[in-house]
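Subject: Structure handover

Hello,

Here is the structure, with its sequence. My notes on it follow below.

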Amino acid sequence: MTDDSKAVANRKTRDEKKEAYLRVIYDRYTVQFRAAGNQDAPSVARKAHIAMDEVLERDRAKNPGSENVRCGKGCSHCCREAVEIWPHEAALLVGIARETGMALDTARLERQSRYTVDTWRQQPAADKACTFLGDDGACMVYESRPNACRKLLVVTDPALCDAEHRKPDSVGRWFSWEAELMESAALETFGTAVMPKALLAALNDKG
Ligand code: SF4
């Protein structure tokens with residue numbers, strides 16, 4: 001075997017091991033979410049949010065480079081993009097809006113829900129913002145924000161996140177494999193929808 005073919009074989013073995021390792025993590029979260037499926041929806045979401053924060057904190061602590069994450073309060077370009085959530089998260093958010101007397105702009109949610117992840121940017125600029133984005137650029141449900149928002153962290157200049165003016169490819173992300181797999185397992189287990197659609201469904205849920 002030549003050195004080149006040895007290197008290719010070693011790389012293939014490493015990739016297979018990594019894939020198997022990631023599959024184990026994904027399957028573990030899928031089992032956990034399936035087992036939680038019949039529990040109270042908001043509490044399932046809350047527990048998943050706590051778990052996500054723990055994974056992110058642990059992985060950021062051991063991953064050099066994560067100290068360069070630039071996301072912060074008032075930086076909200078990503079809150080004008082399509083965000084996919086799962087029904088339990090929508091139930092939690094609608095519950096919080098009701099508890100706190102936060103009025104949800106259902107007319108805007110209806111308009112937004114006509115767009116998909118792929119077409120989101122085609123809607124008028126005034127409609128793109130998340131319904132929970134405050135006038136000060138801060139998230140009004142920060143403690144209960146979906147896991148899709150928690151795990152989205154960038155290490156490049158926040159100005160580059162403005163998709164209206166910059167190429168999205170220029171944005172550098174820091175990410176945790178486990179966080180990505182946890183969220184994929186939740187979306188696969190519970191189903192996914194863009195946030196406005198999921199919120200409208202939760203608002204209409206009389207169950
Ligand atoms: S829930 Fe909060 S963090 Fe997530 S998109 Fe909306 S405003 Fe932004």
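The shell around the ligand divides into 9 nonpolar residues, no polar and 1 charged; here Ala, Val, Leu, Ile, Met, Phe, Trp, Tyr, Cys and Pro count as nonpolar, Asp, Glu, Lys and Arg as charged, and the others, Gly among them, as polar. The residues in question are Cys79, Val83, Cys130, Phe132, Leu133, Cys139, Val141, Arg145, Pro146 and Cys149.

The model is predicted, so local features need pLDDT of at least 70 and side-chain atom pairs count only at pLDDT 80 or more, while totals for chains, interfaces and linings use all residues. Residues are numbered from 1 along each chain as its sequence is written.

Next, the helices (DSSP runs of H or I, at least four residues, numbered from the N terminus). The axes of α2 (residues 41-62) and α3 (residues 87-100) come within 7 Å and cross at roughly 105 degrees. That makes α2 roughly perpendicular to α3 (65 to 115 degrees). Axes are lines fitted to C-alpha atoms, for helices over the stretch in contact, and angles run from 0 to 180 degrees between N-to-C directions. On the α2 side the contact is made by Ala41, Pro42, Val44, Ala45 and Arg46, and on the α3 side by Pro87, His88, Glu89, Ala91, Leu92 and Gly95. Contact here means C-beta atoms, placed from the backbone, within 7 Å.

With α6, the axis of α2 comes within 9 Å and crosses at roughly 160 degrees. The two helices are therefore roughly antiparallel (over 145 degrees). Ala48, Ala51, Met52, Val55, Leu56 and Asp59 in α2 meet Glu178, Ala179, Met182 and Ala186 in α6. This contact divides into 8 nonpolar residues, no polar and 2 charged.

The largest nonpolar core has 33 residues, of which Ile85, Ala90, Ala91, Val94, Met182, Ala186 and Leu199 touch the most other members. Such a core is a set of buried Ala, Val, Leu, Ile, Met, Phe, Trp, Tyr and Cys residues joined through C-beta atoms within 7 Å. Buried means that 20 or more other C-beta atoms lie within 10 Å of a residue's own; exposed means 12 or fewer, and partly exposed is in between.

Finally, Arg111 is in helix α4 (residues 106-112). Arg111 counts as partly exposed because 15 C-beta neighbours lie inside 10 Å.

Regards

Key
Angles under 35 degrees count as roughly parallel, over 145 as roughly antiparallel, 65 to 115 as roughly perpendicular and the rest as oblique. Two residues are in contact if their C-beta atoms, placed from the backbone, lie within 7 Å. A residue is near a molecule or strand if its C-beta atom, placed from the backbone, lies within 6 Å of it.
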